[in-house]
Amino acid sequence: MERIAQGIERTYAILLKTLGTQGWWPLSWRRGEPGFDDLGYHPEISGIELSERDRFEISLGAILTQNTSWLNVELALSRLLEKGITTSKKLLSFQLDSLKEAIKPCGYYNQKAKKLVIACAYFEASGILRNNRAPRRSELLDLWGIGPETADSILLYAFGAPVFVIDAYTKRLFSRLGILEGETAYHDLQDAFLSRLPLDARLFNEYHALIVKFCKAYCSAKPSCGECPLKRRCRAHISAVKA
Ligand code: SF4
């Protein structure tokens, strides 16, 4: 147990030292504003105050990124922005065929358009984006097409709720490091982080963003272990060197 706790804490320190703050979640419509880079990341600004439009974009992105790369999401969000889709209400009044066309780069566009419409109908009816009222997790999970990762991304990044997002990158990295053993279910893995870190939304935001960035930079499907700052602590790498 102590080993796992130290592994989770130490890994965060190394990722942060290697990569610096990430400035998540990116807000494409604010790119170029002071403190925002040209993709909408804001690494210099910690804890920005989010508007309804920000929460809308984050929620949309969390759904659109299912089973696709963020590059495709950026393209789809730009296309929606060009059409003036900046609120749930506007999305709901948009032609379904035009919505599908706009989000086509993200794949599964028939399903994803349906997910967006269902989610936006809920956002409008509940007023959660407008009123900055974090929903219960179960409310999000009851929506068709929203699973634990998407629900937790919306809760953490759109509402600042202290939940740890688990994704494929997290599973890959921590199992390669040997910090977590075997096939671990979503909630068990989430509990491992929640029970060993302070309950702090900013920390969870940064840690998850760092894991994603780190895996893209080093620990991809074919890892680049030679330059990896975690290699001396990585069970997969140490086993490969010994073999
Ligand atoms: S040493 Fe290799 S396998 Fe281990 S964390 Fe780094 S990149 Fe991933």
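Q: Which helices do the buried residues of H9 pack against?

A: In this predicted model, the buried residues of H9 pack against helix H2 (52-64), helix H7 (128-131), helix H8 (137-141), helix H11 (186-194) and helix H12 (201-217). Helix H9 itself covers residues 148-159, and its 12 residues reach 15 Å from the first C-alpha to the last, close to the 16 Å expected at 1.5 Å a residue.

Q: How many residues of H9 are buried, and which are they?

A: A residue counts as buried when its relative accessible area is under 20%. By that rule 10 of the 12 residues of H9 are buried, so H9 is largely enclosed by the rest of the structure. The buried residues are Thr150, Ala151, Asp152, Ser153, Ile154, Leu155, Leu156, Tyr157, Ala158 and Phe159. Following H9 comes Gly160, which has a positive phi, near 65°.

Q: How many of the residues of H2 are buried, and what covers them?

A: In H2, 11 of the 13 residues are buried, so this helix is likewise largely enclosed by the rest of the structure. Among the buried residues are Asp54, Arg55, Phe56 and Glu57, and what covers the buried residues of H2 includes H3, helix H4 (88-92), H5, helix H6 (109-126), H7 and H9. From its first C-alpha to its last, H2 reaches 18 Å, close to the 18 Å expected at 1.5 Å a residue.

Q: How should I read the way two helices pack, and at what angle do H3 and H5 cross?

A: Two packed helices are described by the angle between their axes and by the distance between those axes. Here the axes of helix H3 (residues 70-82) and helix H5 (residues 96-103) come within 8 Å and cross at roughly 140°, which makes H3 oblique to H5. In this contact Ala76, Arg79 and Leu80 of H3 meet Leu99, Glu101, Ala102 and Ile103 of H5, and the residues involved divide into 5 nonpolar, no polar and 2 charged.

Q: Is Arg30 buried or exposed, and which residues is it in contact with?

A: Arg30, placed in the loop between helix H1 (2-19) and H2, is buried, with a relative accessible area of 15%. Leaving aside neighbours within four places in sequence, Arg30 is in contact with Phe36, Ile48, Glu49 and Asp54. Arg30 and Asp54 are 24 residues apart in sequence and 8.8 Å apart in space, C-alpha to C-alpha.

Q: What kind of peptide bond joins Trp24 and Trp25, and where do Asn67 and Tyr108 lie?

A: Most residues other than glycine have a negative phi, and most peptide bonds are trans. Trp24 and Trp25 are joined by a cis peptide bond, with omega about -10°, and Trp25 is found in the loop between H1 and H2. Asn67 has a positive phi of about 55° although it is not a glycine; Asn67 lies in the loop between H2 and H3 and counts as exposed at 68% relative accessibility. Tyr108, also not a glycine, has a positive phi of about 45°; Tyr108 lies in the loop between H5 and H6 and is exposed, with a relative accessible area of 52%.

Q: Which residues surround the ligand, and which helix gives the most to the shell?

A: The ligand is surrounded by Leu173, Arg176, Leu177, Tyr218, Cys219, Pro223, Cys225, Cys228, Lys231, Cys234 and His237. Helix H10 (residues 168-177) gives the most to this shell, with 3 residues, and by class the shell has 8 nonpolar, 1 polar and 2 charged residues.

Notes: Residues are numbered from 1 along each chain as its sequence is written. This is a predicted model: local features need pLDDT of at least 70, side-chain atom pairs count only at pLDDT 80 or more; totals for chains, interfaces and linings use all residues. Side-chain values use heavy atoms; hydrogens and water are left out. A residue is near a molecule or strand if one of its heavy atoms lies within 4 Å of it. Helices (H or I, at least four residues) and strands (E, at least two) are DSSP runs, numbered from the N terminus. Ala, Val, Leu, Ile, Met, Phe, Trp, Tyr, Cys and Pro count as nonpolar, Asp, Glu, Lys and Arg as charged, and the others, Gly among them, as polar. Axes are lines fitted to C-alpha atoms, for helices over the stretch in contact, and angles run from 0 to 180 degrees between N-to-C directions. Angles under 35 degrees count as roughly parallel, over 145 as roughly antiparallel, 65 to 115 as roughly perpendicular and the rest as oblique. Contact means heavy atoms within 4.5 Å. The expected span of a helix is 1.5 Å times one less than its number of residues. Buried means under 20% relative accessible area, exposed over 50%, partly exposed in between (1.4 Å probe, protein chains only).
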